[in-house]
Amino acid sequence: MSEKSSIRQRKGREEVKSQQASSSHPADKPWDQRLKKKTPTCWEQCGKYLWMLLLFEFILLLVGIILVLSVESPIKPTRLQFPTARPLEGALAPNTILQNAKRLFEGELIGPESLVMLDGKIYTGTYDGKIVRIDDDKMMTTIARLGREPCGSPEYEHTCGRPLGIHVSDYGTLYVIDAYLGLFEVNVTGEYKQLVSSSRSYHGYPIKFGNDVTRIPDGDIFFTDSDYQWQRRDFPYIMMESSPNGRLLQFNPLSQTTSVTLLDLYFANGILLSPDNDFLLICESTAYRIMKYYIRGQKAGDKEIFVDNLPGIPDNIRPSSSGGYWVGIHFTHLRTGSVPILNFLAERPMLRKQLMKIMKPHFLLQFLPKYGLVIELNKDGEIINSLHDPTGEVIDSVSEVLDTGDALYLGSFKSPFLAKLDYKSKPGKDKFIKS
């Protein structure tokens, strides 16, 4: 074999080896073999899909936030700041006295908020628009209906009417403020006449939420308009907004004119004339206080705080047989609990504003903890007594107290009954049987 042929053979073998070596590189192997070696693990696949899911949820959240921020809130809240609520101790120490109350007309009488006694009979207004008379705790008679049927649900309240505050006149008639329809004088035989229409404008606004009423003997009638923006059926929005939209109005029976006496009240609620007829006590619910407004004497036209930092939302205020005042209190747990939600929200108007875009406050109310509470104030505004139902098992809501000297009748804006708590003896240190 010649030298040239030997060289050619050597080169051929080298080329074959080179091709074999190059064919062992992954890139030159069949695609299915290469794919098999690069298949990701289960953890790698799950991680990939998890990141995709998180990204999708983040995008949805971002879109949701943008949509919420772009929607107009139904409320225009203001920022309020309150001190830590009074602790439930001393005169406010919890007890179970309200659990001794009896329920009258259960299931027959819904929402008897305000109560008066005239000639031994109790008169009250109901959720379904009626004014009723109660005889001897046994018989109930409807004497008037201020609005028109149908009744019994929020959608019909504005036409059915919702009688709230009731006051006995000097002539044996009843002054009734209806949340929607205005101020009326009602005869116990059933005839009535409208004194003030809610549809008219007073200081630029109609009466949206007439709440409570009182009268100076042989003088003017005063009544509260809780909020000139919201109606009674929307009261949770008033609480969340906490704006000073409440008013005190004054009706003169001689001139038949109505004027606005006070503005800038926080959820103007219960009202009561002092024993000497020289000042009014006005409950401001979302400010947790009661104001004193002078209507006679050197201080006429002045106002001052009678009591503040109450352990919940004050509703109506009425005389106690011991010379002081009974006040119904709502939402005690939200003001005095381990998490004082009302104080927390009061300082955060933006949070309240956004919350009301995505949820209905009426829906939230049914999940709130129940707590029945009534407090008694002395003539100087000091808390001297309190009646509790810490679980709300018997009494979970008290709007007003009618003190007859022998018993307390407990009105409520929502309870389907009238409650009665008998005195153990005449009013004194140990008024009630404590449990």
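Please keep in mind that the model is a predicted one.

I begin with Leu109. Leu109 sits in the loop that joins strand E1 (102-104) to strand E2 (115-118). Is Leu109 buried or exposed? With a relative accessibility of 1%, Leu109 counts as buried. Beyond its neighbours within four places in sequence, Leu109 is in contact with several residues, among them Thr124, Val132, Met140 and Phe417.

Glu376 belongs to strand E22 (residues 372-377). Glu376 has a relative accessible area of 1%, so this residue is buried. Which side chain does the side chain of Glu376 meet in a polar contact? The partner is the side chain of Ser322, at 2.5 Å.

Lys292 is part of strand E18 (residues 289-294). Lys292 is buried but has no salt bridge. The nearest side chain of opposite charge belongs to Glu304 and is 4.1 Å away, whereas a salt bridge would require a distance within 4 Å. Leaving aside neighbours within four places in sequence, the contacts of Lys292 include Leu281, Asp302, Glu304 and Phe279. The charged end of Lys292 sits over the ring of Phe279, 4.5 Å from the ring centre.

That brings me to the aromatic rings. A pair of aromatic rings is described by how far apart the centres are and by the angle between the planes. How many aromatic pairs does a search of the whole structure find? The search finds nine. One of the aromatic pairs is formed by Phe82 and Tyr288; their arrangement is edge-to-face, with 4.8 Å from centre to centre and 65° between the planes. Phe82 lies in the loop between helix H3 (42-70) and E1, and Tyr288 in the loop between strand E17 (279-284) and E18, so this pair ties together parts that are 206 residues apart in sequence. Both Phe82 and Tyr288 are buried.

Phe184 and Tyr192 also form an edge-to-face pair, at 5.9 Å between centres and 75° between planes. In this pair, Phe184 is buried, with a relative accessible area of 4%, while Tyr192, at 39%, is partly exposed.

Finally, I return to Tyr288. Arg335 lies over the face of Tyr288, 4.3 Å from the ring centre. Thank you for your attention.

Key: Residues are numbered from 1 along each chain as its sequence is written. This is a predicted model: local features need pLDDT of at least 70, side-chain atom pairs count only at pLDDT 80 or more; totals for chains, interfaces and linings use all residues. Side-chain values use heavy atoms; hydrogens and water are left out. Helices (H or I, at least four residues) and strands (E, at least two) are DSSP runs, numbered from the N terminus. Buried means under 20% relative accessible area, exposed over 50%, partly exposed in between (1.4 Å probe, protein chains only). A polar contact is a pair of N or O atoms within 3.5 Å; within protein, one must be able to donate a hydrogen and the other to accept it, and residues adjacent in sequence count only if both atoms are side-chain atoms. Contact means heavy atoms within 4.5 Å. Lys and Arg count as positive and Asp and Glu as negative; His and the chain ends are not counted. Rings of Phe, Tyr and Trp (its six-membered ring) pair if their centres lie within 6.5 Å; planes under 30 degrees apart count as stacked, over 60 as edge-to-face and the rest as tilted. A charge sits over a ring if NZ of Lys or CZ of Arg is within 6 Å of the ring centre and within 35 degrees of the ring normal.
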